[in-house]
Amino acid sequence: MKNAINDNFTKHDKYDNMEKVAEFIRNNYNKNHSAEYYAEMCNLNKYYFIKLFGEYTGVSPQHFRTQIRIEKAKELIESGEVDAVIICTPHYSHPELVMKALGKGIHVVSEKPAGVYTKQVREMNEAAEKSGIKFGIMFNQRTNCVYRKLHEMIRSGELGAMKRMNWII
């Protein structure tokens, strides 16, 4: 199938027949395939494909952008060029990236939430404990001026004694 599809797109089509590419995207989109897969099918650079995907389908190409960011995070961890990383990718990727970094002896700070699935978070915490490497989870909104002001108001007693608080964002 790959060759049959790719044969439909020549280098010339790449820029002169965007409607053909758009039709291919609309008819063949499947979230399980990577941007590289589709870019190769259409004979396009993956970044150009991502741009076209959003323009021609009206669907956010965020899925593909996220894949690329996570790939780059993995490349950075594998590079051996860093001593520590801050994991601030989509929630579902936190445990995987944390464990990969810990496995390479890299110190890690991860944004909350620790992950999406309890089992993965447990495995991540166990890996951190066994590694002896520095590992922490931070609140990604901790420096937001709204939270800092509320913290200041509570600590100063301006709101009185706090008995219970529930704040939904």
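Contact here means heavy atoms within 4.5 Å. The model is predicted, with local features needing pLDDT of at least 70 and side-chain atom pairs counting only at pLDDT 80 or more, while totals for chains, interfaces and linings use all residues. Residues are numbered from 1 along each chain as its sequence is written, and side-chain values use heavy atoms, with hydrogens and water left out.

**Exercise 1.** Determine whether Ser-110 is buried or exposed, and list its contacts beyond four places in sequence.

*Solution.* Begin with the location: Ser-110 belongs to strand β2, residues 107-111 (strands are DSSP runs of E with at least two residues, helices runs of H or I with at least four, numbered from the N terminus). Next, Ser-110 counts as buried because its relative accessibility is 0%, where buried means under 20% relative accessible area, exposed over 50% and partly exposed in between, with a 1.4 Å probe and protein chains only. Finally, once neighbours within four places are set aside, Ser-110 touches Ile-87, His-94, Val-98, Phe-135, Gly-136, Ile-137 and Met-138.

**Exercise 2.** Describe how the side chains of β1 are arranged and how β1 pairs with β2.

*Solution.* Turning to the partner strand, β1 and β2 pair in the parallel sense over four bridges (pairing requires at least two DSSP bridges between two strands), and Ile-86 stands opposite Val-109 in β2.
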